[in-house]
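Hi,

Here is the structure I promised to pass along.

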Amino acid sequence: MSLVLGVISDDFTGATDLANNLVRAGMRTLQVIGIPKTDLTLENIDAVVVALKSRSCPMSEGVNISLAALEWLQDQGARQIYFKYCSTFDSTDAGNIGPVADALLERLEAKQTVMVPAFPANNRTVYQGHLFVGDRLLNDSGMENHPLNPMRDADLVRTLSRQTDHSVGLLARSELSAGVQTSWDHLERLATQGVRHVICDTLDETDLATLAAVVVKLPLVTGGSGLGQALPAEYRRLGWLDIVDQAGRLEPASGGALVLSGSCSRATLMQIKHFLASHGGFALDPLALAKDETHIGHALDFARQRLSSKAPVLIYASATPDKVRQAQDQLGAAVAGECIEQALAIIASELVADGVGRLLVAGGETSGAVVSALGICELRIGDQIDPGVPWTQAYLVGKPAPLSLALKSGNFGGVDFFSRAFEVLL
Ligand code: ADP
């Protein structure tokens, strides 16, 4: 069957989060990093997620790359387009959610789309158009202090209205709970009034299932990753999607096992402590890295000695806040961060060339640096290790066997994540 769903994601870890939900709901999913420059074989692939960096860039750039991604997905025959943004609706009054949604609607010649940011499994819900994080309104959830896109208004109808010249409406829970037909009639009524964007209330999984049934035939849907849990069942009902046994099945993994960590989040620090109690590890020192070119060599020697035994090896820069501050005071925050990311990227390239075949990276920015150093453009999404973090696989130039890769953003994963991840990998 042909490609069912084409996703345009405004950032990298958000793309993986949605891809993970699609796989869990039975879609064989490929994540591509940026718009592919070469032809891809999409045989046995039901969904492609294009990961862009369009969340915080200038509006015109966000619109242009999103339209380019749409064109590419249309060329691949995608039956429905999903514009994925964060479940906390991360954006500014200048965009980019409104302008990108407007541009996609226009290019698709569609009159209306829905906005479903909610992810109830992750405590993001919407009621009367207001976004809640747990029991707090969005503007009182910590997101009001976000460095790039502070969210100071939980009323999404009002928030989105500042980003678009078109009308924004609401599908309230009262209509939604009356069922699919009532909800559909409400959308139609809003469309005749010229309402182009409809914020959708969503309190739980039942609401997501109803919404999926309402919106499955729209050319464009938009939202967080929650809706991605519910749409595949509707695609199957329409006969667009085969029932597959294991949508997350990957090739058997092989090669040495390595953990690289540049994340200093509380969850990662606990995972490192837990791992070091039973495995080896090498702590990178940012000050030594900045001064001493041999420091990376010591880390590589340490890893090479241990990779011959099959146990996973850890190399980490992760440190407690006081140590991070010390390094930042001496080097500057940006230089400290970059020099660690570069070091971990070099270590990844060298050790993968040496035969590491199972690689776990902790840290969002760190993952970006490693993936780009390895020249990875496509990731096949496998089974979840912990919520939001699946194993993935990528083929690298000159390597016959795929690299198994897990990219963990800071706060994700249980305390035994580093060791358990390798145990669940077949
Ligand atoms: P997370 O997903 O936890 O936010 P990131 O990789 O996105 O992790 O960000 C962590 C940042 O902190 C990276 O830029 C990394 O290079 C930097 N970093 C890691 N260890 C240290 C350290 N010891 N001192 C200073 N900066 C560090």
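Below is what I found, starting with how the values were made.

It's a predicted model, so to speak for its limits: local features need pLDDT of at least 70, side-chain atom pairs count only at pLDDT 80 or more, and totals for chains, interfaces and linings use all residues. Residues are numbered from 1 along each chain as its sequence is written, and side-chain values use heavy atoms, with hydrogens and water left out.

Asp10 sits in the loop that links strand E1 (5-9) to helix H1 (12-24); helices (H or I, at least four residues) and strands (E, at least two) are DSSP runs, numbered from the N terminus. Asp10 counts as buried because its relative accessibility is 4%, where buried means under 20% relative accessible area, exposed over 50%, and partly exposed in between (1.4 Å probe, protein chains only). Beyond its neighbours within four places in sequence, Asp10 has contacts (heavy atoms within 4.5 Å) that include Leu52, Arg55, Phe83 and Cys86.

Next, a sheet: three strands form an open one, ordered E6-E7-E8 with antiparallel pairing. Its edge strands, E6 (124-127) and E8 (136-137), each pair on one side only. Pairing here takes at least two DSSP bridges between two strands, and E7 (residues 130-133) joins E8 over two bridges. Val133 stands opposite Arg136 in E8.

Last, helix H14 (residues 364-373) has Thr366, Ser367, Ala369, Val370 and Val371 as its buried residues. They pack against H1, E2 (29-33), H13 (333-354), E15 (356-362) and E18 (403-408). Just after H14, Gly375 takes a positive phi of about 70 degrees.

Cheers
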